[in-house]
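Reader: I am new to this structure. Please take me through one part of it closely, and then through the charged pairs.

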Amino acid sequence: MAVFYDEIPESLFEWIKKQRMFWVATAPLSAQGHINLSPKGGDNCFHVVNSKQVYYQDLTGSGIETISHIRENGRITVMFNAFEGPPRILRLFGIGTVYEYGTPEYHTLIPAETRQPGSRAAIVIDLFQVSTSCGFAVPLYNFVTHRTQLHRLVGLRESVDRDNAILLRDNPSSHPDNVPQNSLRGYWLRKNMKSLDGLPGLLTAPDAITHVVPQHNFDKNTPRPMLQVVRGSKEMSDTVVRGHEKALALGFCLGVITVTAFTQILRQVDLN
């Protein structure tokens with residue numbers, strides 16, 4: 001059964017902090033527009049300011065739907081699931097505000113020591129309703145680790161931006177519009193300027209990145225997460241093969257016995 005609140009119950013503050021992923025849903029005003037649902041993860045990305053306000057660190061992706069939709073109409077819903085312990089679904093309904101990388105609000109909310117590679121905005125959400133529901137159908141999962149592919153990829157792109165900023169500083173005659181294609185700014189300009197429906201995406205972050213040199217808290221020497229793939233040993237394979245051989249032999253013997261018995265019956269019928 002769903003229970004509705006005007007704000008986040010204080011008893012859920014710690015539970016939210018422990019969750020390792022969440023979902024964000026937004027939609028444009030157009031009836032023909034694309035409804036967006038995005039999974040979010042990473043350490044220290046989501047923050048509860050108080051019972052009526054939250055914010056999260058928006059990382060670079062191949063699209064810009066959430067930011068574009070919030071710019072147009074503000075509507076946003078955040079959902080958490082319990083994948084361990086007692087079942088629970090938590091939904092936060094609110095109105096979002098986008099603070100792009102390079103703005104004072106962004107750097108107040110996300111200083112360099114907590115910024116993740118590729119972080120492009122702080123999404124602040126003022127809540128008008130909160131709901132919890134049973135979550136009985138949500139499976140139980142064991143957490144392994146956070147992925148680091150995005151951090152490593154955009155970290156390399158940000159290093160190109162840092163080198164380019166030094167080049168522009170040391171060579172004032174260099175034109176800032178000469179954007180390296182393998183830089184984060186270049187990626188933002190290609191992928192993050194408009195939504196699927198043509199709504200405006202990033203407005204100021206691509207230009208800010210040439211003046212506010214990107215810094216982040218990710219250590220590139222962090223070990224890469226390794227998935228443990230369970231494969232059968234040679235002994236297991238041999239056991240399976242031997243098992244199949246035994247099954248075939250048994251089936252053959254039973255077949256011979258059946259045919260022999262059936263033949264004997266037919267002979268008795270002919271004699272009679």
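Author: What follows looks at one threonine and then at the salt bridges. This is a predicted model, in which local features need pLDDT of at least 70 and side-chain atom pairs count only at pLDDT 80 or more, while totals for chains, interfaces and linings use all residues. Residues are numbered from 1 along each chain as its sequence is written, and side-chain values use heavy atoms, with hydrogens and water left out.

T60 is in the loop between β5 (53-59) and α2 (65-73); helices (H or I, at least four residues) and strands (E, at least two) are DSSP runs, numbered from the N terminus. With a relative accessible area of 7%, T60 is buried. Buried means under 20% relative accessible area, exposed means over 50%, and partly exposed is in between (1.4 Å probe, protein chains only).

Leaving aside residues up to four places away in sequence, T60 touches G118, R120, L150, V154, L184, Y187, W188 and N192; a contact here means heavy atoms within 4.5 Å. A polar atom of the T60 side chain lies 2.5 Å from the backbone oxygen of G118. The side chains of T60 and W188 are joined by a polar contact of 3.0 Å. A polar contact is a pair of N or O atoms within 3.5 Å; within protein, one must be able to donate a hydrogen and the other to accept it, and residues adjacent in sequence count only if both atoms are side-chain atoms. H151 is 91 residues from T60 along the chain, and their C-alpha atoms are separated by 9.6 Å.

Now the charged pairs. Side chains of opposite charge can pair when their charged atoms come close. The structure holds eight salt bridges, each a side-chain nitrogen of Lys or Arg within 4 Å of a carboxyl oxygen of Asp or Glu. One of them joins R120, a residue that T60 touches, to D58, at 2.6 Å from N to O. This pair links distant parts of the chain, with R120 in strand β8 (residues 119-133) and D58 in strand β5, 62 residues apart. Both R120 and D58 are buried.

R185 and D207 form another salt bridge, at 3.1 Å from N to O. It also links distant parts of the chain: R185 is in helix α5 (residues 184-191) and D207 in helix α6 (residues 205-208), 22 residues apart. R185 is buried at 5% relative accessibility, whereas D207 is partly exposed at 44%. Salt bridges that share partners join K40, D58 and R120 into one network.
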